[in-house]
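Q: Before going through the features of a model one at a time, I would like to learn how each kind should be read. Could we take the general idea first and then the case at hand?

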Amino acid sequence: MKQIVLSLIANAGGVGKTTLSVHLAYEIVRRGFSVAILDLDPQRSLDVFCGIPPAEVSNTIVKALSKDFKGDWKLISVWEESKIQVCQGHPLMAEMANELVIRKRGEYTLSDRLKNYPLPHNLVILDCPATLGMLNVNALAASTHILVPVQLEMKAISGSAELVEWCISTSDELQLSPRPPILGFVPSMYDDTVAMHRQYLEQLPEITEHLQLKLYPKVRSSNEFKNASAHGLPLQKYRPKHPACKDFKQITDDLVALIKEKK
């Protein structure tokens, strides 16, 4: 088996990155594997989704990226699941991003940490911020694979095509070999009662085919996702029989297949 480091990247906020992170993590653990989620977003919405209180800065990802880090990852188990652990985010990540700009090998800091002080988990999910700055560059350099959640709005769809270009050009500038592949687009927060959503969902196959990317099944919009996150739980624990719980199956299948590949 090999470790997969998956970045969830989008160049807009509110597109469902954290929703995808926590629900994929839960599905992967149900298949018998272990997951770490690293919160690179200064907004730290992952804390809310996982039902954990904000952490002191010394117990967050800021510590892992600091110059004096010696491998003592600050991980907290969530939802009484010993196989799901979170390294929490912090608003000071915005300042850390500025520091990384001027640091030698600043773009590779997270990658270096994961190589020099490897985590034992089968899957490491990087929940990325909504701007394509230094933190996302770090995520890209550390990734084995990328997943792009897409909101069904014109701005988001055109932005996602630009994001693909950014991933390719930045990977080339960083001389990443191999370049981390984009697993595919995930249409998120789909509401079949909204005509615009139906229209854009029909257009997405042509766009992803042009970009030579996979298009995953849609993740539906449901108030139950909001209710679950308000309780700090994934939908699978909050309402296990809700039909939206099945929306993550195909991505999970692909990730499990990647984990099971021989090194």
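A: Let us begin with the largest pocket, to whose lining α1, α2 (45-50) and α9 each supply at least two residues. Please keep in mind throughout that this is a predicted model.

Q: How much space lies in the largest pocket, and which element gives the largest share of its lining?

A: The general idea is that rolling a probe the size of a water molecule over the atoms shows where empty space is left. In this structure the largest pocket holds about 470 Å³ of space, and the largest share of its lining, four residues, comes from α1. The lining comprises 25 residues, of which Gly14, Gly16, Thr19, Phe49 and Met189 lie nearest the centre of the pocket. Sorted by class, the lining divides into nine nonpolar, 11 polar and five charged residues.

Q: Which residues lie nearest the centre of the second largest pocket, and how does its lining divide by class?

A: The second largest pocket, with about 410 Å³ of space, is lined by 18 residues, of which Lys115, Ala141, Ala142, Ser143 and Thr144 lie nearest its centre. The elements that give two or more residues to this lining are α5 (109-116) and α6. By class, the lining of the second largest pocket has 10 nonpolar, six polar and two charged residues.

Q: How many cavities of 30 Å³ or more does the structure hold, and which residues line the largest cavity?

A: A cavity differs from a pocket in that the probe fits inside but cannot get out. The structure holds one cavity of 30 Å³ or more, and the volume of the largest cavity is about 40 Å³. Its lining consists of Ala10, Asn11, Ala12, Val15, Pro149, Val150, Gln151, Ala156 and Ser160. Both β6 (145-151) and α7 (154-173) supply at least two residues of this lining, with the largest share, three residues, coming from β6. By class, the lining of the largest cavity has six nonpolar, three polar and no charged residues.

Q: What covers the buried residues of α7, and where do they lie around its axis?

A: The general idea is that an α-helix has 3.6 residues a turn, so residues three or four places apart point the same way. In α7 the buried residues are Ala156, Ile157, Gly159, Ser160, Leu163, Val164, Trp166, Cys167, Thr170 and Ser171. They cover an arc of only 165 degrees around the axis, which puts them on the same side of α7. On the other side of α7, Glu162 and Glu173 are exposed. The cover over the buried residues of α7 includes α6 (134-142), β6, β7 and α8. The 20 residues of α7 should span 28 Å at 1.5 Å a residue, and its end C-alpha atoms are 29 Å apart, which agrees.

Q: Which backbone feature does glutamine 175 show, and what joins serine 177 and proline 178?

A: Most residues other than glycine have a negative phi, and most peptide bonds are trans. Glutamine 175, in the loop between α7 and β7, has a positive phi of about 55 degrees although it is not a glycine, and with a relative accessible area of 69% this glutamine is exposed. Serine 177 and proline 178 are joined by a cis peptide bond, with omega about 0 degrees, and proline 178 likewise has its place in the loop between α7 and β7 (182-188).

Q: Where is glutamine 212 found, and is this residue buried or exposed?

A: Glutamine 212 is found in the loop between α8 (195-210) and α9 (223-230), and at 74% relative accessibility it counts as exposed. Glutamine 212 also has a positive phi, of about 60 degrees, although it is not a glycine.

Definitions and conventions:
Residues numbered from 1 in each chain as written. Predicted model: local features only at pLDDT ≥ 70, side-chain atom pairs only at ≥ 80, totals over all residues. Heavy atoms only, no water. 1 Å grid on protein atoms, 1.4 Å probe; cavity = no way out; pocket = protein on both sides within 12 Å on 5 of 7 lines; lining within 4 Å. Points joined across faces, edges and corners; volume = space filled by probe spheres on them. Nonpolar A, V, L, I, M, F, W, Y, C, P; charged D, E, K, R; others polar. Buried < 20%, exposed > 50% of the residue type's maximum accessible area, 1.4 Å probe, protein only. Expected span 1.5 Å × (residues − 1). Arc of directions from axis to C-beta. Contact = heavy atoms within 4.5 Å.
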